[in-house]
Amino acid sequence: MTGRLGALPAEHRERLMTRAREVSFPAGVRIFEEDRRADRFWIVRTGAVQLDIRVPGRRAAVVETLHPGDPLGWSWLFPPYTWQLGAETLSPVRAWEFDAQEVRALCQEDPVLGHALVLMYAEVIGDRLRCARTRLLDLYGPYGSGVR
């Protein structure tokens with residue numbers, strides 16, 4: 001298994017994957033919208049998904065593009081369980097889909113697995129925050145205000 005999920009210990013990855021179901025999305029489909037209920041998440045298997053953030057008075061800004069192996073969605077893990085970004089497919093996408101409530105229950109049952117997932121998603125959140133910040137500075141910040 002590639003991507004961040006591959007970094008989980010094999011026994012945790014196997015327990016998690018027993019809860020996965022295969023799904024597919026055509027190109028140009030909104031998978032989720034910012035501020036809506038986050039009740040599932042995905043691991044991208046094929047294709048590409050762009051993450052975007054609403055900017056008042058402007059078009060949504062694309063902040064990152066996800067590829068095979070990347071986790072799609074982290075807002076399912078933390079209250080209030082609402083999406084912090086939006087997501088749209090750039091190409092046909094195949095993914096593993098997970099029910100958030102079921103995985104949160106699994107994390108309660110197995111705190112070691114829960115800890116491993118939280119650490120994995122903490123890294124994802126940090127990366128997404130860094131990408132969003134950089135992209136918004138590139139688009140809207142004064143000249144020379146980007147990351148050095």
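The model contains an open sheet of 4 strands in the order β2-β7-β4-β5, with antiparallel pairing. Its edge strands are β2 and β5 (61–66), each of which pairs on one side only. Direction ignored, neighbouring strands of this sheet are turned by 30 degrees against each other on average. Axes here are lines fitted to C-alpha atoms, for helices over the stretch in contact, and angles run from 0 to 180 degrees between N-to-C directions.

This is a predicted model, in which local features need pLDDT of at least 70 and side-chain atom pairs count only at pLDDT 80 or more, while totals for chains, interfaces and linings use all residues. Residues are numbered from 1 along each chain as its sequence is written, and side-chain values use heavy atoms, with hydrogens and water left out.

Helices (H or I, at least four residues) and strands (E, at least two) are DSSP runs, numbered from the N terminus. Two strands pair if DSSP finds at least two bridges between them. The pairings of the sheet are listed below.

| Strand pair | Bridges | Sense | Residues facing each other |
|---|---|---|---|
| β2 (residues 30–32) and β7 (residues 86–89) | 2 bridges | antiparallel | F32 and A87 |
| β4 (residues 49–53) and β7 | 4 bridges | antiparallel | V49 and T89 |
| β4 and β5 | 5 bridges | antiparallel | I53 and A61 |

In a regular strand the side chains alternate between the two faces of the sheet.

The structure holds 9 aromatic pairs. Rings of Phe, Tyr and Trp (its six-membered ring) pair if their centres lie within 6.5 Å; planes under 30 degrees apart count as stacked, over 60 as edge-to-face and the rest as tilted. One of the pairs is F41 with Y121, edge-to-face at 6.0 Å centre to centre and 85 degrees between the planes. Because F41 lies in strand β3 (residues 40–46) and Y121 in helix α3 (residues 111–140), this pair ties together parts that are 80 residues apart in sequence. Both F41 and Y121 are buried, where buried means under 20% relative accessible area, exposed over 50% and partly exposed in between (1.4 Å probe, protein chains only).

W42 and W83 form a further pair, which is stacked because the ring centres are 6.1 Å apart and the planes stand at 25 degrees. This pair also links distant parts of the chain, with W42 in strand β3 and W83 in the loop between β6 and β7, 41 residues apart. W42 counts as buried at 3% relative accessibility, and W83 counts as buried at 3% as well. F25, F32, W42 and W83 form one aromatic cluster. F32 is also the bridge partner of A87 in β7.

F78 is placed in the loop between β6 (71–72) and β7. With 32% relative accessibility, F78 counts as partly exposed. Its C-alpha atom is separated by 17 Å from that of D127, which is 49 residues away along the chain.

A charged group also meets a ring. The charged end of R104 sits over the ring of Y81, 3.9 Å from its centre; the criterion is NZ of Lys or CZ of Arg within 6 Å of the ring centre and within 35 degrees of the ring normal.

Helix α1 (residues 10–17) has H12, R13, L16 and M17 as its buried residues. These residues are on the same side of α1 because they cover an arc of only 130 degrees around the axis. The arc is that of the directions from the helix axis to the C-beta atoms. E11 and E14 are exposed on the other side of α1.
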